[in-house]
Amino acid sequence: MNIKGSTNIVGLIGHPVEHSFSPPMHNAAFKALNMDWAYVAFDVNPLNLNSAINGARSLGIKGFNVTIPHKIEVMKYLDEIDEVAGLIGAVNTIDFKNMKGYNTDGIGAVKAIEEATSIKNRKVVVAGAGGASRAISFYIAKYGAESVTILNRNVEKAQSLADDISLIDEVKADSIKNIKGHVDDADILIDTTPVGMHPNVSDDAIISAEDMHEDLVVFDAVYNPNETSLIKEAIKANAKPVYGIKMLLYQGAESFRIWTGQNPPVDVMEDALKKTLNLE
Ligand code: ATR
């Protein structure tokens, strides 16, 4: 990488950040497009978040990705929040041009799923009602799903999220115990729970192959391992699997577009991501 006096800096703030896959993904994109940009990671203690944002602004940093534990807190220090990010109540991308916050996590999931099927007018089931579900479910509703049903062990939490999203669209909630009935009638299943995530790779998937149908698109937000127990079940059922890595890819691609105004080189970013995650 050729860092010069003119190099534009973007980066990640989180705590911790050392295992992030974003620096290699974005730096590969800048290199491929011959752009004078570089992406670095900053470990920011929560106590220093305000001064980190002010400092970055003074240093002329162009953009940040924001990860745990700063996604909610950082909104206080921004001038503007994208409408859906505001409804979600969390941002993962800051554009310093206008001190505006965005949430590209949900957009990332939508773009990943749209490699397999359009979301418009589809019946979607989302398992889990935590932070990831919140970011994804708002975007699923925004992209015109016919119905969204949120399933969770704690049904009250699912209902509360469904009520929030009802500002955009009508959303239902139910117990994850009833998943089979909902999936029978669904076009898309999205799993935002940590079931099957490393190191619990042999967890039973939230639903098995015999309860899936062939037209079902099955997206697992877990990317480690690449092929989760749920994705294995989807393959067994001859359904359409969408791997979690695609959400990482497209959330990064959307951040790249926001900061640079250029079309992201998605193939280059995907190769870099796979290399970082040891998938090649
Ligand atoms: P994230 O930010 O990744 O969404 P989170 O906010 O902690 O993480 O949310 C985790 C979600 O996964 C929750 O909806 C949780 O269900 P409860 O609210 O009922 O606890 C769900 N979850 C966690 N472990 C699960 C399991 N073993 N089976 C089913 N759902 C699970």
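**Entry 1: helices α5 and α6**

How are α5 and α6 oriented to each other? I started my notebook with this pair, keeping in mind that the model is predicted. I looked up the axes of α5 and helix α6 (residues 155–165), and they come within 10 Å and cross at roughly 40°. Angles under 35 degrees would count as roughly parallel, and 65 to 115 as roughly perpendicular. I therefore wrote down α5 and α6 as oblique to each other. I also noted that their crossing is right-handed.

Next I listed who makes the contact. On the α5 side I found Ser133, Arg134, Ser137, Phe138 and Ala141, and on the α6 side Leu161, Asp164 and Ile165. Sorted by type, the residues of this contact come to 4 nonpolar, 2 polar and 2 charged.

**Entry 2: a closer look at Ser137**

I picked one residue from that contact to follow up. Ser137 belongs to helix α5, which spans residues 131–142. Is Ser137 buried or exposed? Its relative accessible area is 0%, and buried means under 20%, so I put Ser137 down as buried. I then asked what Ser137 is in contact with, leaving aside its neighbours within four places in sequence. My list reads Val126, Ile150, Leu161 and Ile165.

**Entry 3: the buried side of α6**

Leu161 and Ile165 turned up again when I checked which residues of α6 are buried: the list is Ala158, Leu161, Ala162 and Ile165. Looking down the axis of α6, I saw these buried residues fall within an arc of 100°, so they line one face of the helix. What covers them? My answer includes α5, β8 (147–152) and β9 (171–175).

**Entry 4: helices α4 and α9**

Back to pairs of helices. Two packed helices are described by the angle between their axes and the distance between the axes. For helix α4 (residues 104–114) and helix α9 (residues 245–260), I noted axes that come within 7 Å and cross at roughly 120°. Roughly perpendicular covers 65 to 115 degrees and roughly antiparallel means over 145. α4 and α9 are therefore oblique to each other. Their crossing is right-handed.

Which residues meet here? From α4 I have Thr104, Asp105, Ile107, Gly108, Ala109, Lys111 and Ala112, and from α9 Lys246, Met247, Tyr250, Gln251, Glu254, Ser255 and Ile258. They divide into 6 nonpolar, 4 polar and 4 charged.

Most residues other than glycine have a negative phi, and most peptide bonds are trans.

Where did I find cis peptide bonds? One joins His15 and Pro16, with omega about 10°, and Pro16 sits in the loop between β1 (8–14) and α1 (22–32). Another joins Asn224 and Pro225, with omega about 10°; Pro225 is in the loop between β11 (217–220) and α8 (229–236).

For positive phi, I noted Asn34, near 55°, in the loop between α1 and β2 (37–43). Asn34 has 73% relative accessibility and so counts as exposed, since the cut-off is over 50%. I also noted Asn121, with phi near 65°, in the loop between α4 and β7 (123–127). At 49% relative accessibility, Asn121 counts as partly exposed.

**Entry 5: Asp203**

My last stop was Asp203, in the loop between β10 (188–191) and β11. With a relative accessible area of 29%, Asp203 is partly exposed. What does Asp203 touch, not counting residues up to four places away in sequence? I found Val195, Gly196 and Ser229. I also checked Asp203 against Ile245: they are 42 residues apart in sequence and 19 Å apart in space, C-alpha to C-alpha.

Technical notes. Residues are numbered from 1 along each chain as its sequence is written. This is a predicted model: local features need pLDDT of at least 70, side-chain atom pairs count only at pLDDT 80 or more; totals for chains, interfaces and linings use all residues. Side-chain values use heavy atoms; hydrogens and water are left out. Helices (H or I, at least four residues) and strands (E, at least two) are DSSP runs, numbered from the N terminus. Buried means under 20% relative accessible area, exposed over 50%, partly exposed in between (1.4 Å probe, protein chains only). Contact means heavy atoms within 4.5 Å. Axes are lines fitted to C-alpha atoms, for helices over the stretch in contact, and angles run from 0 to 180 degrees between N-to-C directions. A crossing is left-handed if the near helix is turned anticlockwise from the far one by less than a right angle, and right-handed if clockwise. Ala, Val, Leu, Ile, Met, Phe, Trp, Tyr, Cys and Pro count as nonpolar, Asp, Glu, Lys and Arg as charged, and the others, Gly among them, as polar. The arc is that of the directions from the helix axis to the C-beta atoms.
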